[in-house]
Amino acid sequence: MTTSTATTQTAPNDDTTPSPSANLPPPSDPYTSALASLQQNGFVILPATLFPTFDLPTLRDAATHLTHLARTSQWPYLRTLPKQFPPWPSDPSNGIWGVQHLLHPSNPHAATFAKSYFDPELLKYAQVLIGCEEEELVMELYNMLVRPDAAFALRWHRDDIPASASAEEELERLVKKEAFHAQWNLALYEDESLVVVPGSHRRARTEEERSADPFEDDMPGQLVVRLKAGEVVFYDNNILHRGVYDPDKERMTLHGSVGSCKKGAGKERARNVLQHGVGSWVGEVDFRKWVGGEIGERAERMRERLVRLGRESGEVGFFSKDE
Ligand SMILES: O=C(O)CCC(=O)C(=O)O
């Protein structure tokens, strides 16, 4: 099994000797390198040093307490075993593998999570990876993936293209180059749960992939994404991927996405986001209470764009209601 990494180069070039190539454009910045990596491989791992404002001890305390509330029926927004896709019930008695709605107004730790979700550096990466203006970013989802209470794995999937899609249907969706959202995992503890097939975000499944067992443990070319605490992986949510979880290893990984309302976005993201139920509470939040200054103002503008998306989309349904 191959393991990560497709990281972005961030070290500055400190060679000051003029060279014949001095009139060439400067080497690409870390944002553009991240974009190139995402486009080529379908994912990119960003080192923790890029995000000095993430307060890992505070985030871990908040995550630990909220997970405790979730496992003990005191937090109803869950991902429960053995269900892979939303909607999930609120009953944790079969075990959980995720905690939903970190920014919900009734979360006692929402302010801590909001500071990481609206982190300007994280959003700058998201903006470049989507290819939109700052004022086109739309708040989407912020959830947490946690150690399941029993052995559990997700089947191979693309988040927004069903396994029943023909090769032509897959290709039609995947060759559309333009991005309308960015999705990431921020690991609060070392995490090696996400498994991807690099490059599969740009092509239809091969015959082998198509006929493989949905829980195949050794898919050709698969790669385990290994994250150290504080690292972020951005990935194309239509890369062929799965989650393989170890019930004995602590996992607290913040799982976020932001969208864009740039031209052409339409309802592209509506179902993906609203099927998680965020529309029922997003109208009640005022991020300025939790995040100060311009970051809070910007968060509010991103929230308002999500409210508008909900208003304009109407009933969106679910990706795979019964799985
Ligand atoms: O556990 C992970 O990191 C992957 C989660 C995933 O594939 C999903 O939520 O669709």
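This dialogue goes through a predicted model, feature by feature.

Reader: What does the protein chain average in pLDDT, and where does pLDDT stay under 50?

Author: The protein chain averages a pLDDT of 89, and 88% of the residues score at least 70. Over residues 5-22 pLDDT stays under 50, and the model has 20 contacts beyond four places in sequence for that stretch.

Reader: Which residues of the largest nonpolar core touch the most other members?

Author: That core has 83 residues, and the ones touching the most other members are Phe-43, Ala-114, Leu-129, Val-196, Val-233 and Phe-234. Strand S5, residues 137-146, gives the most to this core, with eight residues.

Reader: What does Phe-234 touch, leaving aside residues up to four places away in sequence?

Author: Its contacts include Ala-34, Leu-38, Phe-43, Val-44, Tyr-125 and Leu-129. Ala-182, Gln-183 and Trp-184 are also touched by Phe-234.

Reader: How should I read the buried residues of helix H4?

Author: An α-helix has 3.6 residues a turn, so residues three or four places apart point the same way. In H4, residues 120-130, the buried residues are Leu-122, Tyr-125, Ala-126, Gln-127, Leu-129 and Ile-130. Their cover includes helix H1 (30-41) and the strands S2 (43-46), S5, S7 (181-187), S10 (232-235) and S12 (252-260). Just after H4, Gly-131 has a positive phi of about 85°.

Reader: Which residues are around the ligand, and how do they divide?

Author: Around the ligand are Leu-145, Leu-154, Asp-159, Asn-185, Ser-193, Leu-194, His-241 and Gly-243. This shell divides into three nonpolar residues, four polar and one charged.

Methods. Residues numbered from 1 in each chain as written. Predicted model: local features only at pLDDT ≥ 70, side-chain atom pairs only at ≥ 80, totals over all residues. pLDDT = per-residue confidence, 0-100. Contact = placed C-beta atoms within 7 Å. Core = buried A, V, L, I, M, F, W, Y, C linked by C-beta atoms within 7 Å. Buried ≥ 20, exposed ≤ 12 C-beta atoms within 10 Å, placed from the backbone. Helix = DSSP H or I, 4+ residues; strand = E, 2+ residues; numbered from the N terminus. Near = placed C-beta within 6 Å. Nonpolar A, V, L, I, M, F, W, Y, C, P; charged D, E, K, R; others polar.
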